[in-house]
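Have a look at the model first.

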Amino acid sequence: MVTSVPRLVIAAPSSGSGKTTVATGLMAALSARGFAVSGHKVGPDYIDPGYHSLATGRVGRNLDAYLCGPELVAPLFAHGARGCDVAVVEGVMGLYDGAAGEGELASTAQVAKLLRAPVVLVVDASSQSRSVAALVHGFVSWDPEVRVGGVILNKVASDRHEGLLREALDSVGVPVMGILRRAAQVETPSRHLGLVPVAERGSLAVEAVAAMAAQVADGCDLSALVALARGAGSLAGAAWEAGEALASSPPPPLPFPALGAAPPDPPSALNGPRPHTPDRLESAGRAVRVAVAGGSAFTFSYAEHAELLTAAGAEVVTFDPLRDEELPEGTAGLVIGGGFPEVYASELSANESLRKAVAELALSGAPVAAECAGLLYLCRELDGSPMCGVLDASARMSERLTLGYRDAVAVSDGALAAAGTRMRGHEFHRTVVEPGAGMRPAWGVRAPERRVEGFVERGVHASYLHTHWASEPGVARRFVERCRTS
């Protein structure tokens, strides 16, 4: 199979240059002109793809060469871009910035090369004129395998400033494809972990995306950008498919002894077989219902997770812990991803009926997979507000930001991963859970320091680690199988 979807990568010399504004605005502007646009984000970021979804009307996708491996970047791209007229890929950080100490791994430059896609460099031109030529020349010449096909100058102050910038760039040989002036209406609010997600902003997010589209349409040469995208090379190889990924995933690994065997579950009636619940969908011939937390407090999820669960035989149903007082009827398993429960702690706590339902499901032995925000929600309390009480741990906000990629290995057999399962993940939070690990930890993490973290209790697998299941599809199959049999 050959993928020939026109595509380009929106990159920058550094964070804060305007990538999100340009990428999202370009997606929306092209969509408004009748193009079917596929939006993608380099790296683990969950928030920008939400804005991409608003701009395109399609699910935003991530392309992360660290979490999923370089070999999955092109297949995942082809999966997300199937049937589209053009794809826009928003980069991460600076063009050549990647995983710490790993060279180009997970950088925008590496993804551009893996996709054989031209790059458009967004440059914050404020406070410079002729120096812009040296900056662009450096990025163009640093890696000859990266094709920088155009420049968009952002935060240009005046017509005179524009003239000076264009004159300087004439010698570099890279066409200027856009000039953007300062525009407050396209700025999106931020807080302790970045931009405020789309789900929390409602109509304000829609207005912001419309403003981005207008600015890009007015200031950029859309025809030139589309022509550049059409010059991308073809990609050989099959698109990623959830069903095929499950079918080809290897069997669970043997336990990994180097980190030490996890202690057994303490004797408890709760560790025995889960009582039969008549309305639970348990037949192997029928889909089991997996409830996935959503709403404003739990906005972090990769689209491929739901696709893998569905391919494994689950009926995926979304619920909102802020609004719904009960879990979806017949829930056999629960997935609680990341988000901002700290912002909504009082509202989550006030929904006592749902907290009780989650606790009862977890204590019955049903599979529960919780990442970061989900971990906090399962604790006894968060900043003094009662949570679900599934885990004998408390959570609080911290001034310290924990951020970075992690290599991990499962150290306890659980509903999500067998002991010895190796996965790569990402941590991004300003909270602390005490204790940081239970008697049966979820993961052994090798960097930045060797430690264990998270909790495996009954059917619960809770951890700070965000993972991308496309890298290890067997975890989705294992989770659904546990939903059938627990």
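Two strands count as paired if DSSP finds at least two bridges between them. Strands themselves are DSSP runs (E, at least two residues), while helices are H or I runs of at least four, both numbered from the N terminus. This is a predicted model, where local features need pLDDT of at least 70, side-chain atom pairs count only at pLDDT 80 or more, and totals for chains, interfaces and linings use all residues. Residues are numbered from 1 along each chain as its sequence is written, and side-chain values use heavy atoms, leaving out hydrogens and water.

The protein chain has 15 helices and 24 strands. Here's who pairs with strand β18 (residues 394–410):

| Partner of β18 | Sense | Bridges | Example bridge |
|---|---|---|---|
| β16 (residues 381–382) | parallel | two | Glu381 with Ser394 |
| β19 (residues 422–434) | antiparallel | twelve | Arg396 with Val432 |
| β20 (residues 443–445) | antiparallel | three | Ala408 with Val445 |

On to the inside. Buried residues (under 20% relative accessible area, 1.4 Å probe, protein chains only) make up 58% of the 486 residues. A nonpolar core is a set of buried Ala, Val, Leu, Ile, Met, Phe, Trp, Tyr and Cys residues joined through side-chain atoms within 4.5 Å. Which residues touch the most other members of the largest one? Leu115 and Leu153 do, out of 116 residues. Helix α1 (residues 19–32) gives the most to this core, with seven residues. A second, separate core holds 40 residues, including Phe319 and Tyr464.

Leu115's contacts (heavy atoms within 4.5 Å) include Arg7, Phe77 and Leu235, not counting residues up to four places away in sequence.

Conventions
Buried means under 20% relative accessible area, exposed over 50%, partly exposed in between (1.4 Å probe, protein chains only).
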